[in-house]
Amino acid sequence: NKYYWDAKHVKTKTITVQTIKKPDTAVQMYKQGDVDYATISSTQAMYNANKDNKDVIKVPEATTSYIVYNETGKVAGLTNKNIRQALNLATNRPGIVKAAVDTGSKAATALVPSGMEKLPNGQDLTDYVAPGYTYDPKKAAQLFKSGLAEIGKNSLKLTITADSDNPVGKAAVDYIKETWESALPGLTVEEKFVTFKQRLEDTKNQNFDVALVLWGGDYPEGSTFYGLFPSDSAYNYGKFSNADYDAAYQKALTTDALDPAAGADDYKAAEKALYDEALYNPIYFRSTKALQNPNLTGVVHNATGLQVDFTYAYKK
């Protein structure tokens with residue numbers, strides 16, 4: 001476009017983008033010189049086979065996988081805080097990463113993923129708000145026993161719903177089932193896999209017990225994640241309502257909207273409310289690596305918003 005304001009600095013006239021259904025095919029095409037970019041993080045086998053390639057780059061991504069609990073009262077036990085806390089404490093996040101997404105991803109420590117937003121003092125927002133999620137099966141068992149007594153039951157059956165079209169979904173759910181059942185006597189976990197489209201409908205309509213979901217940020221500021229869980233949010237699939245969370249989130253959007261440091265304090269308070277009441281369960285921060293032609297220069301990869309910007313890209 002000759003009328004583009006900075007046209008004189010745009011060097012590439014044409015970019016060809018191919019849709020390649022199989023990730024391993026894309027990697028082979030990259031190695032044959034047919035494409036200039038291919039992700040290697042679709043499967044662990046592909047990642048392990050290519051992670052040491054000299055052309056590997058880290059692709060920033062602000063995506064968190066987390067578990068939501070149906071807290072409407074439809075599911076026995078999930079309105080009980082001790083039971084939800086037990087499930088959180090029985091979740092071995094590093095173990096899930098190793099078993100299912102050992103492709104550059106990291107165990108989650110909060111809702112907002114690392115590398116998305118830096119505070120004025122240079123600290124990562126994730127590190128600042130992280131409330132201290134741990135894996136403690138012994139304490140989990142104690143809380144679960146107490147929770148069952150409080151609801152008048154000696155056992156509990158829960159179904160985990162996940163996306164059938166997510167390559168790592170089955171391995172992640174298998175690992176969660178194994179560790180939950182091992183740590184929490186009396187718990188039986190069943191697995192349910194549906195397409196992403198169907199899972200979206202199921203979670204929107206509270207047609208689930210426990211669901212494993214993903215969220216990617218739209219912009220590099222905390223509200224793109226903390227906007228998920230206000231009481232009136234359509235993305236609050238569990239339909240919990242927490243006054244402390246709502247107040248902290250609203251303060252970040254209004255009173256502290258122009259003060260990133262004060263906003264971070266609000267998000268820290270919101271995260272603490274989620275943690276204290278075990279209202280959700282963070283699992284992993286997804287991270288991607290890819291093969292990229294070293295002769296390409298000027299390509300910008302963003303964690304949020306426009307994922308790849310070719311404006312000033314060109315091939316040497």
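What is the volume of the second largest pocket? The volume is about 290 Å³, where a pocket is an open set of points on a 1 Å grid over the protein atoms alone, with protein on both sides within 12 Å along at least five of seven lines, and lining residues have an atom within 4 Å of a point. This is a predicted model, in which local features need pLDDT of at least 70 and side-chain atom pairs count only at pLDDT 80 or more, while totals for chains, interfaces and linings use all residues. Residues are numbered from 1 along each chain as its sequence is written, and side-chain values use heavy atoms, leaving out hydrogens and water.

The lining of this second largest pocket has 18 residues, of which Lys 58, Gly 104, Lys 106, Ser 114 and Ser 287 lie nearest its centre. Strands β2 (56-69) and β7 (280-292) are the elements that give two or more residues to the lining, and β2 provides the largest share, with 5 residues.

Helix α3 (residues 81-89) packs against helix α6 (residues 137-150) at an angle of about 160 degrees, with the axes 7 Å apart. That makes α3 roughly antiparallel to α6 (an angle over 145 degrees). Ile 83 and Leu 89 are among the α3 residues that meet α6, whose side of the contact includes Leu 143 and Phe 144 (contact means heavy atoms within 4.5 Å).

The two sets of residues divide as follows.

Conventions:
Axes fitted to C-alpha atoms, helices over the stretch in contact; angles between N-to-C directions. Helix = DSSP H or I, 4+ residues; strand = E, 2+ residues; numbered from the N terminus. Parallel < 35°, antiparallel > 145°, perpendicular 65-115°, else oblique. 1 Å grid on protein atoms, 1.4 Å probe; cavity = no way out; pocket = protein on both sides within 12 Å on 5 of 7 lines; lining within 4 Å. Points joined across faces, edges and corners; volume = space filled by probe spheres on them.
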